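Here is a short note to read beside the model. Please keep the sequence and the 3D view open as you go.

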Amino acid sequence: YYHEVNLSNLTSDTTYHYKVSSTDNNGNKAQSEDKTFATISPPPVSEWSNIPIIGSGQWPGIAWNGNGYGFVWVTKKPNTTTYDIYFSSLDINGNEVGDNIRITNHDELATQHPNVGYVFPPEIVWNGSGYGVAWVGNEGSGQNLHFATLDSNGNKLSDIIVSIPDDNVPGQQNKPALVWTGNEYALSWAGGWPDYPVYFAKIASDGQTYIVNKKKAVTTAIANTANGPLVSLAWNGTNFGVAWQDIRDSNDPNKPAIYFNILDSNGNKLIDDFKVSGEGRVRSPEVFSDGANYSILWLESIPDNPNINSIYFAQMDSSGNRLITNKSLDITGDYGGYSSVAKSSDGYGIVWTSYPESRIYFKGIDLNGNIVLSDELVTAIEGNNGGKDITWTGSKYVIVWQNVPPPYTQSQLYFGSK
C-alpha cells in the first residue's frame, strides 16, 4: 500500500521536516523518524527581453541611429579557421531589417595563409548618416587594424588599414577604441610587438584621409597585457580622454594598471600619465565625458585574489584633477567577466557577466557614480553568456550578447531591452 499527500503553499528554497504516522486495521501504530525535504528556488526571471537574433555569431557590437540600430558581429565559416564580420540593420525592437551584409571577405586570403581570418571584436559608431567600423583581422602578414565607413544600410564606402611605425608588425590590438566627434573619426589602440604602446589617429568623414598621422603615439609605456580590451577613448567637444591598461609598474602582463591622459584635438598629451586604478588586477577600462568631466569605469580584483572583482568608478575634471576617487560599485558574482558601459543623459548603464553562474546583470549609476539601480538580471539563459555590448537610445538601454548553450559548440546572438 502507499499513500500520497499533495502539499501546497510551500516557500521556495526552504527545508521542511516531516514524520509519517500510520495505523493498520488492527490498530497497530507506527511512526517514522524525522525526515526532511527541501524546495528549490524558481528559475530567475528577467524583465529584459531575450530575443534571439541573426543566429550563430560572436562579439556583437551595436550603435543607435535615431530610428533603429546598426549591428555588427563576427561569424566563423563552418569547418574552417576563417572569420568574417557582418552587418545588419535592426528596428527598434531588435528585428532584422533587410539582408545581412558581409563587411570582410577572408576566403581568398585563407587559401594562401592557413591561420588567416581570425577577427577581433568590431567597434561601430553612428555619424548621423552612416557608420564607422573598426576591427583587427589576422591577414597573413600580421594582425591589421582596419577602419571602414558604411552607408546607413551597411554598404561599405571605404576600407583602410591603419598601421603603426613598425612596418614589419601591422597594427594589432584586442578591440580598437572608436569615436565620432561630430566632424571626424578618432581611433586609439595598442599595437606593435613586444610592448604595444598606445596610438592615436584622426580620420576624415570620407573614411580615408588622415587628419592626424596614424603614427601618433600617446604613450610608449608597456601596454601589453594578458587581457583586454586595452584602450578607451572619449571626446568632450574640445579634448579627448583616453584610458588604457599598462604594465609599466609591474612589468607583468597579468598585473596591469589603468592609466589615463587628456589629449588635445590633435592627440597631443596635455597632462602626465595618471594612474587611476588601485593594486588589484584590472581589465575593461571605459572612459566617458559629460562635457566638463571625464568618468572612468573598470573592473578590478581585490589585491590578493584575482577572481573576486568589482566595477570601480573615478572622475577627473578636464584639467586632469581627480574629483572622485575609485568608488566601488559592488557587483553580483565572485568573478565579474568583461564589462560594457553606455552613457545616457543623466548617468551610465553597466552590464557584466557574473561567474560561476554565467548570468548577465545590469546596474545603473548617476553621473557621479552613485547607484540608482542595483544589479538587475538581464539573462539567465543556460550556457555561457558573454561578449556583450550596450547602447543608449535616448529613452532606454539596449544590450546585445552571445550565448553558447550546451554542448558548447555553437553560439547564438541575443538582443535585450526593457
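**Notes on a predicted model**

1. Start with the second largest pocket. Its lining residues divide into seven nonpolar, three polar and one charged. Here Ala, Val, Leu, Ile, Met, Phe, Trp, Tyr, Cys and Pro count as nonpolar, Asp, Glu, Lys and Arg as charged, and the others, Gly among them, as polar.

2. This is a predicted model: local features need pLDDT of at least 70, side-chain atom pairs count only at pLDDT 80 or more, and totals for chains, interfaces and linings use all residues. Residues are numbered from 1 along each chain as its sequence is written, and side-chain values use heavy atoms, without hydrogens and water.

3. The volume of the second largest pocket is about 280 Å³. A pocket is an open set of points on a 1 Å grid over the protein atoms alone, where a 1.4 Å probe fits, with protein on both sides within 12 Å along at least five of seven lines; lining residues have an atom within 4 Å of a point. The volume is the space filled by probe spheres set on the points, which are joined across faces, edges and corners.

4. Among the lining residues are His3, Glu4, Tyr16 and Phe37. Strand S1 (15-18) and strand S2 (21-23) each give two or more residues to this lining. Strands are DSSP runs (E, at least two residues), numbered from the N terminus.

5. Now the sheet. Four strands form an open, antiparallel sheet in the order S10-S11-S12-S13. Strands pair if DSSP finds at least two bridges between them. Four bridges join S10 to strand S11 (residues 130-138). Trp126 stands opposite Tyr131 in S11.
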